[in-house]
Amino acid sequence: MRNNTEIVMELAEQRKNNTIAFKVICFDEEKMIQTYRGEYRNLMTLLNEKFYLENFGECRGMGRCCTCVVEVEAMENCLAGKQRNEASTLNKMGIDQPNMRLACQIMIDEELDNAEITIGVF
Ligand code: FES
């Protein structure tokens with residue numbers, strides 16, 4: 001039977017093996033981010049915590065305010081996955097580039113691995 005320490009170490013090892021890493025360019029700052037599935041509710045939440053952004057994500061992830069718009073590179077499946085309010089919100093703001101996404105609509109999962117996210121393009 002495993003003790004608590006062994007269980008905690010096993011969980012830490014599982015997290016390490018499920019690391020999701022990607023680059024974020026935020027105005028003049030460039031950072032490599034490492035996270036794992038489930039650590040943050042979505043990309044908007046992660047970016048707010050890592051970069052302390054003002055006025056980013058004002059509708060708290062409802063996909064309506066468009067303040068969390070980011071440019072996404074190297075994330076093939078993600079670029080096809082606009083759902084819920086995202087497409088109409090981007091359309092209303094006149095954003096028609098396929099690689100512009102609402103960070104609140106991007107989940108933290110393996111599709112983010114090796115992606116490049118740029119904040120402040122729009
Ligand atoms: S937080 Fe409002 S659209 Fe993403």
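Reply: Let us begin with a single residue and its contacts. Two residues are in contact if their C-beta atoms, placed from the backbone, lie within 7 Å. Leaving aside neighbours within four places in sequence, leucine 43 is in contact with Ala103, Ile106 and Ile108. Please note that this is a predicted model, in which local features need pLDDT of at least 70 and side-chain atom pairs count only at pLDDT 80 or more, while totals for chains, interfaces and linings use all residues. Residues are numbered from 1 along each chain as its sequence is written.

Me: Which residues touch the most other members of the largest nonpolar core?

Reply: In soluble globular proteins, nonpolar side chains tend to be buried together. A nonpolar core is here a set of buried Ala, Val, Leu, Ile, Met, Phe, Trp, Tyr and Cys residues joined through C-beta atoms within 7 Å. A residue is buried if 20 or more other C-beta atoms lie within 10 Å of its own, exposed if 12 or fewer, and partly exposed in between. The largest core has 21 residues, and Leu43, Leu47, Cys68, Leu102 and Ala103 touch the most other members. Two or more residues come from each of β1 (19–26), α2 (43–51) and β3 (69–73), and α2 gives the most, with 4 residues. Over the protein chain, buried residues make up 22% of the 122 residues.

Me: How many helices and strands does the protein chain have?

Reply: Helices (H or I, at least four residues) and strands (E, at least two) are DSSP runs, numbered from the N terminus. The protein chain has 4 helices and 5 strands, in the pattern α-β-β-α-β-α-α-β-β along the sequence. Its C-alpha trace spans about 60 × 30 × 25 Å along the principal axes.

Me: What is the order of the strands in the open sheet?

Reply: Strands of a sheet pair through backbone hydrogen bonds, either parallel or antiparallel. In this analysis two strands pair if DSSP finds at least two bridges between them. The open sheet of 5 strands has the order β2-β1-β5-β3-β4, with mixed pairing. β2 (29–36) and β4 (100–102) stand at the edges with a single partner strand each, so one side of each has no neighbour in the sheet. The twist averages 35° from one strand to the next; for such angles, axes are lines fitted to C-alpha atoms, for helices over the stretch in contact, and the values run from 0 to 180 degrees between N-to-C directions.

Me: Which strands run antiparallel to β3?

Reply: β3 is joined to β4 by 3 bridges in the antiparallel sense, with valine 69 and leucine 102 as bridge partners. β3 also runs antiparallel to β5, through 4 bridges, and valine 72 has isoleucine 117 of β5 as its bridge partner.

Me: Which strands pair with β1, and in what sense?

Reply: β1 and β2 are antiparallel and joined by 8 bridges, and phenylalanine 22 stands opposite isoleucine 33 in β2. These two strands form a hairpin with 2 residues between them, and phenylalanine 27 in the turn has a positive phi of about 55°. By contrast, β1 and β5 pair in the parallel sense over 4 bridges; there, isoleucine 25 has threonine 118 of β5 as its bridge partner.

Me: Is arginine 64 buried, partly exposed or exposed?

Reply: Arginine 64 counts as partly exposed because 17 C-beta neighbours lie inside 10 Å. Arginine 64 is found in the loop between α2 and β3. Leaving aside neighbours within four places in sequence, arginine 64 is in contact with Cys59, Asn85 and Thr89.
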